[in-house]
Amino acid sequence: MTATAPGPGTRPRTGQDGSLRRELGFRSLTGVAFGGIIGSGWLFGSFYGAQAAGPAAVISWVIGGAALTLIALVLIELGAGSPEAGGMVRWPLLANGPLAGTLIGWSMLLAVASTMAAQASAIVQYANRYLPGVYEDDALTVRGRLAGAALLLSLVVLNWFGVRLFARLNLLVTVVKLAVPLLTVVALLLSSFHPGNVSAGGGFAPYGWSAPLTAIASAGIVYAIDGFASPIELSAEAKNPRRDIPRAVLTAIGLSVLLHVVLQLTFVFAVPTESLGSGWRGLTFASPFGELALLLNLGWLATVIYADAVFSPGGSTYVTVAAGSRETYAVARNEALPRRFSAVSERSGVPRNAMALNYVLSLVVLLPSSGWRDIITVVGALALLGYSLCSVAAGTFRVAAPERLAGWVRGLGWIAPAGFVVASELVYWSAWENLRMALPELLAAVLVFAVLRRGRLDVKAELRTGAWLLGYLVWLLLLSALGTFGGSGAIPAPWDTVLVALCALGTYRWGVSSGVAYLRR
């Protein structure tokens, strides 16, 4: 038996969506947030960060953590005040209309499927030590892709039976997941400590000061910290969202940023100096920390890391499967997917149809991909676009529907626009080679919107309401093509970044004004 959630015009009771069950407390929500963060990111992020920016990658983690904390404050205010399953998909619809809901829905669908595929890819890459032939010549083999598909299916099955079982298993898994990175830090620094590496390989910032900014998205740093949003997506199942979600999210972000900064410094100091003859970009590791441990004759540590490389991303993917199904459920409630995907199992309280769809979409991403980094660069940009739209939704609610906000975050009047600007800068820093793939996909969703809604809505009126969003995607694409982050360089640094900030502020004001007018109509 299944229950179908109310349509987009019906506001759910606070903290409840259809048949979803309120069974998550503070410890469970913190475990969800931290468990969502500590996955494949710690296994690869430090290596790709160093490869992209050298020792200056440590700055990437600090900037990325500060930026996502600012964005998290906006999401906390929305999640605690208007608990919704898949809230990041629902709030833009409620604040800015169907076009915003459709675009954010497609964005999050792509992001969830890509995240699941990336985590499975990471597990398979490390598992190649025990299952030779799943990863060869820096790419997943057919056997590796099939192994990733089987792994994802097993995690879907574990999530199939309810949120209480999910919370208990995830809390246990998270405790174990934290122990291995800490052990890795201690063992590597005791065995190999080369402070001179900071100046070796071309100096502290060998690839310029724009490289740490680009690394935030392109090296997987945003992706590594991004799991903090999982408890917000599960806010409709929190026992006391107003009290527990803010504490859980901020605790998880603070601990994870600290852990990743320490891991980045450990990688920089532990790499043998003689390996840097061709610079940081000359390093070639398929399984960075595991291979580094073997290079330092720490076979026992390599064994632990390779085992955790299956366990840790598996736990993170377990969270992604749960949170992602709520996002797809919300996309269906926004009527951007057939209504059957908003059905909730009465037996388990889980949106099983949405979960099954995510599994199929993750296979579409996984099967043609070559590996982890091939997937995560686009994921970061899509997730950040979702955050930016939620900042506009918070600004709109602040003016026209303050009852939808928790009142927990002070200074939302400046935090929301600052969050939008920061998210926009992070999208821009993702580099032209990634945005030229991600943004046109979302612009194409406008055509899908027009076709699906023709005859049911005044499409022209909705396009006018969402004109700010179309303008946002177009100018991001244009500035990316002309700027210094992989573009032509026609707009020199730092003026390209300044121009993005100014355009973002104008777009934020336009979006809020449009949303207020929409709510008042």
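## Ser60 and its surroundings

Setting aside neighbours within four places in sequence, Ser60 is in contact (heavy atoms within 4.5 Å) with Pro212, Ala215, Ile216 and Ile221. Ser60 belongs to helix α3, which covers residues 57-81; helices here are DSSP runs of H or I with at least four residues, numbered from the N terminus. With a relative accessible area of 0%, Ser60 is buried, where buried means under 20% relative accessible area, exposed means over 50% and partly exposed lies in between, for a 1.4 Å probe and protein chains only.

## Basis of the model

This is a predicted model, in which local features need pLDDT of at least 70 and side-chain atom pairs count only at pLDDT 80 or more, whereas totals for chains, interfaces and linings use all residues. Residues are numbered from 1 along each chain as its sequence is written, and side-chain values use heavy atoms, with hydrogens and water left out.

## Salt bridges

The structure holds 4 salt bridges, each defined as a side-chain nitrogen of Lys or Arg within 4 Å of a carboxyl oxygen of Asp or Glu. One of them joins the side chains of Glu84 and Arg333, at 3.1 Å from N to O. Because Glu84 lies in the loop between α3 and α4 (87-96) while Arg333 lies in helix α13, this pair ties together parts that are 249 residues apart in sequence. Glu84 and Arg333 are both buried, and together with Arg90 they are linked in a network of salt bridges.

Asp244 takes part in a salt bridge with Arg243, at 2.7 Å from N to O, and in another with Arg247, at 2.9 Å from N to O. Asp244 and Arg247 are 3 residues apart in helix α11 (residues 241-270), so about one helical turn separates them. The acidic residue Asp244 is buried, with a relative accessible area of 0%, whereas Arg243 is partly exposed at 47% relative accessibility and Arg247 is partly exposed at 38%.

Which side chain of opposite charge is nearest to Asp496? It is Arg281, which is 15 Å away, and Asp496 is buried yet has no salt bridge; in this accounting Lys and Arg are positive and Asp and Glu negative, while His and the chain ends are not counted. Asp496 sits in helix α20, which runs over residues 495-520.

The side chain of Asp496 does make a polar contact of 2.7 Å with the side chain of Tyr428. A polar contact is a pair of N or O atoms within 3.5 Å; within protein, one atom must be able to donate a hydrogen and the other to accept it, and residues adjacent in sequence count only if both atoms are side-chain atoms. Leaving aside neighbours within four places in sequence, the residues in contact with Asp496 are Tyr428, Gly483, Thr484, Phe485 and Ile491.

## Backbone features

Most residues other than glycine have a negative phi, and most peptide bonds are trans. The peptide bond from Ala493 to Pro494, however, is cis, with omega near 0°, and Pro494 lies in the loop between α19 (467-482) and α20. Asn297, a residue other than glycine, has a positive phi near 65°. Asn297 is placed in the loop between α12 (288-295) and α13 (299-333), and at 70% relative accessibility Asn297 counts as exposed.

Leu172, Val175, Val176 and Phe311 form a nonpolar patch on the surface, with about 370 Å² of accessible area together. Accessible areas come from the Shrake-Rupley method with a 1.4 Å probe, and for residues only the protein chains shown count as cover. Patches are made of residues with over 30% relative accessible area and no salt bridge, with like charges joined within 9 Å and nonpolar side chains (Val, Leu, Ile, Met, Phe, Trp, Tyr) joined within 5 Å. Helix α7 (residues 163-191) gives the most to the patch, with 3 residues. Val175 lies in helix α7 and is exposed, with a relative accessible area of 58%.

Leu178 is also placed in helix α7, and at 30% relative accessibility Leu178 counts as partly exposed. Apart from neighbours within four places in sequence, Leu178 is in contact with Phe34 and Leu259. Leu178 and Leu469, by contrast, are 39 Å apart in space, C-alpha to C-alpha, and 291 residues apart in sequence.

Notes
Helices (H or I, at least four residues) and strands (E, at least two) are DSSP runs, numbered from the N terminus.
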